[in-house]
Structures are given as structure tokens and as C-alpha cells.
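Thank you all for making the time this morning.

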Amino acid sequence: MKIIVFASFLVVLGVFIFATQVPVDITPDKVSAAVSEAISLSEVPVDEEVMEQAVKNAITILEKGQRTRLKYLAAAYIVIWLVFMLYVLRLGQQQQQLDQRLAQLEQTSVTVTSNQ
Amino acid sequence: MGNLSTKIVGVITAILIFISLYLIFGYARTESTMLEVQKIFYYHVSAALTLYLAFGVNCLFSIKYLIQRKSDDDLLAAAAAEIGLIFCTIVLLSGPIWAKYAWNTWWNWEPRLTSTLVLWLMYIGYFILRSALEADKRKLYSAVLGVIAFVDVPIVHFATKFWKSEAHPERGAKFDIAPSMLHTFLVALVACILLFTLLLIARYRMKKTEARYEIIQQRHLGEAS
């Protein structure tokens with residue numbers, strides 16, 4: 001039982017790490033290079049610094065939004081896992097208690113029979 | 001169902017859960033409005049459909065008990081209700097997390113939410129009733145309550161149609177669902193149904209052992225006195 005709980009915890013942890021990882025492959029260097037390229041292609045004059053800042057701000061907003069959404073997603077799956085695990089643990093405990101009670105009952109019946 | 005077949009169902013269930021998690025996070029297309037949060041849908045809706053099945057099994061075996069008065073039917077009905085309640089709890093807990101993002105509130109008294117909460121409370125009542133009564137009355141009264149409580153299941157399902165809810169999509173509404181999303185949902189649904197079956201078998205066996213223990217104990221007490 002403990003192995004199952006531990007294994008499922010690892011699965012949920014894996015899902016959590018996987019789900020909360022923001023796939024950020026847009027580095028500041030890449031932003032600068034892309035902005036410079038876009039400006040060089042542009043036919044109208046553009047302030048490179050202003051443009052770069054605007055793009056960085058947009059990326060920050062997008063990343064923040066994604067982080068928030070992933071938190072909700074991870075929370076929902078953790079709740080689902082928790083409910084199932086608590087239930088399975090409770091079942092395990094009940095089964096253990098039942099086994100103990102049955103063993104006690106068997107012992108009592110053996111004692112009664114031997115006394116008779 | 002024998003031990004070997006139960007183990008096979010267990011292994012298949014575990015594999016399907018792993019596959020469904022992979023599909024949810026690695027294969028299914030991200031929906032364009034709610035983006036990543038929509039991925040809650042796969043287990044939220046699957047759990048909701050599985051709870052219909054669980055309470056359906058409860059109702060079916062409650063009726064069977066009322067007709068044939070076999071204790072096994074009562075035990076199976078109680079086991080199904082217990083697992084249905086677990087799935088209902090999952091729906092009621094995962095729903096508000098989704099709602100907080102989608103509607104900016106954890107809860108609103110929308111028809112489907114309210115009727116699902118009523119359903120959950122009715123089955124809580126079912127277990128309070130079972131724990132409060134003696135064995136013979138318990139079986140009869142809980143079977144009757146099991147049949148009555150099931151009436152709320154179609155109400156939950158058709159709530160959006162009856163009361164024109166804007167929050168949940170109306171039943172039968174056309175969804176623009178990508179094939180990758182549909183495949184993922186179906187795998188998650190089968191995983192949930194198999195998990196229900198597995199838990200039902202385990203709980204039913206436990207309840208049967210408990211019932212046998214009570215009989216033996218009563219016999220011992222009778223002999224002792």
C-alpha cells in the first residue's frame with residue numbers, strides 16, 4: 001500500500017513539475033536579435049529601445065498568464081490525486097483493522113474449543 | 001471476479017491513467033479560449049460521467065434488493081454509492097478551481113453546480129442513514145433512499161437544459177473539439193470507469209468480509225451466552 005501511495009505521489013509530483021514548467025525559450029538575446037531584424041526589415045523609422053521594451057513587456061505578461069493557468073491546472077490534478085489517495089489509504093486501514101479483528105475472533109474460537 | 005482478473009483490471013487501469021496523463025499534457029491540443037486550464041476538463045467530466053454510472057449501479061442494486069431482499073445486493077449498492085460519492089467529491093472540488101479561472105469565482109449557484117451539490121448531500125444522507133439504523137432496517141431504508149436519490153442524476157445532467165444556464169454548455173450543444181482532445185477525453189473516461197470498477201470490487205469484498213465477521217461474532221456471542 002505504501003509503495004502504491006509513494007509511486008502515485010511521484011507520478012503526481014512529475015505531473016506537477018511537468019505542468020508548471022514554463023517553456024521559456026525566448027531569451028533576452030533572442031528578443032534583441034528579433035527586434036533588430038524586424039526593425040531592419042521595417043520601412044518606417046522605429047525606436048529600437050522602445051520596441052525591445054514593448055516586446056519584453058508583452059513576453060512577461062504572456063509568461064505570467066501561463067504561470068497562473070498552470071497553477072490552476074496543477075491544483076486541480078493534485079486535488080483529484082489527494083482525494084483518491086486518502087480514500088485508498090482509508091480502505092487500507094479498514095482492511096488492516098478487519099484482518100486484526102478476524103484474527104482475534106479466530107484466536108477466541110480456538111481458545112473456547114480447547115477449553116471445552 | 002477472481003483475484004487474477006482483478007489484478008489484470010488494476011494493471012490496465014494504472015497503464016490507462018499513465019497514458020491519459022501523457023495524452024492530457026503531451027498530446028491533446030491546448031484549447032484556444034481557456035488555454036492550459038481547459039485540461040482540467042478531461043478528469044472533471046470523466047469523473048462526472050463515472051459518478052452517474054456509480055449512482056446508477058447503486059439504484060439498480062437497491063431496486064434488486066427491494067425485489068429479492070438479498071444482502072449481497074445491499075452491500076454492492078452501498079459500495080457503489082461510496083465510490084460514487086468519491087467521484088462526486090472530485091467533481092465538486094475540481095470544478096471550483098476551474099470556475100475560479102473561467103468565471104473569476106470559486107462558486108456560483110448555477111443550476112448544474114447546485115444540483116450536483118444536492119446530489120452529494122443526498123448520498124451523504126444515505127450514509128448517515130446507514131450508520132444510524134439497525135441491520136434489517138438499514139438495508140430496506142437505504143435501498144429506498146438509493147432509488148430516490150438517483151432521481152437527482154438526470155436533473156444534474158439536464159440542469160443546463162431545464163434552467164438555461166450560461167455557465168455550463170447546454171447538453172447537445174455543438175463543440176468544436178479537436179480529434180486529439182476527443183481521443184484524450186475517451187482514454188481518461190475509460191480510465192475512470194475502470195478505476196470505479198476496481199474500487200467497487202475492492203469495497204464490495206471488504207463489505208462482504210465485514211458482514212461475515214458480524215455474523216460470526218453474533219454466533220459466538222450467542223454461544224457464549
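Before I read out a pattern of elements, let me say that helices here are DSSP runs of H or I with at least four residues, and that they are numbered from the N terminus. Please also keep in mind that what you see is a predicted model, for which the predictor gives the complex an ipTM of 0.83 and a pTM of 0.83.

With that definition in hand, chain A reads α-α-α along its sequence, that is, three helices and zero strands. Of the 116 residues in chain A, buried ones make up 7%. If we take the contacts in chain A between residues at least 6 apart in sequence, 71% of them join residues at least 24 apart.

Let me turn to where the chains meet. Here 23 residues of chain A are in contact with 26 residues of chain B. Which helix of chain A gives the most to the side that touches chain B? It is α3(A), with 20 residues, although α1 (2-20) of chain A, like α3 (48-115), supplies at least two. By class, that side of chain A divides into 16 nonpolar, five polar and two charged residues.

Now to chain B, whose mean pLDDT is 88, with 94% of its residues reaching 70 or more. I will follow helix α3 of chain B, residues 71-102, which packs against helix α5, residues 135-150, at an angle of about 50 degrees, with the axes 10 Å apart. Because of that angle, α3(B) counts as oblique to α5(B), and the crossing is left-handed. In this contact, residues of α3(B) including Ser71(B), Asp74(B) and Ala77(B) meet residues of α5(B), among them Lys139(B) and Gly146(B). The residues involved are four nonpolar, three polar and two charged.

The other partner to consider is helix α7 of chain B, residues 179-224, where the angle with α3(B) is about 135 degrees and the axes lie 9 Å apart. That angle, too, makes α3(B) oblique to α7(B), but here the crossing is right-handed. On the α3(B) side we find, among others, Leu75(B), Leu76(B), Ile83(B) and Phe87(B), and these residues meet a set in α7(B) that includes Phe196(B), Leu199(B), Arg203(B) and Lys207(B). Counted by class, the contact of α3(B) with α7(B) has twelve nonpolar, one polar and four charged residues.

Notes:
Residues are numbered from 1 along each chain as its sequence is written. Chains are lettered from A and ligands numbered from 1 in the order in which they are written. This is a predicted model: local features need pLDDT of at least 70, side-chain atom pairs count only at pLDDT 80 or more; totals for chains, interfaces and linings use all residues. Axes are lines fitted to C-alpha atoms, for helices over the stretch in contact, and angles run from 0 to 180 degrees between N-to-C directions. Angles under 35 degrees count as roughly parallel, over 145 as roughly antiparallel, 65 to 115 as roughly perpendicular and the rest as oblique. A crossing is left-handed if the near helix is turned anticlockwise from the far one by less than a right angle, and right-handed if clockwise. Two residues are in contact if their C-beta atoms, placed from the backbone, lie within 7 Å. Ala, Val, Leu, Ile, Met, Phe, Trp, Tyr, Cys and Pro count as nonpolar, Asp, Glu, Lys and Arg as charged, and the others, Gly among them, as polar. pLDDT is the predictor's confidence in each residue, from 0 to 100. A residue is buried if 20 or more other C-beta atoms lie within 10 Å of its own, exposed if 12 or fewer, and partly exposed in between; C-beta atoms are placed from the backbone.
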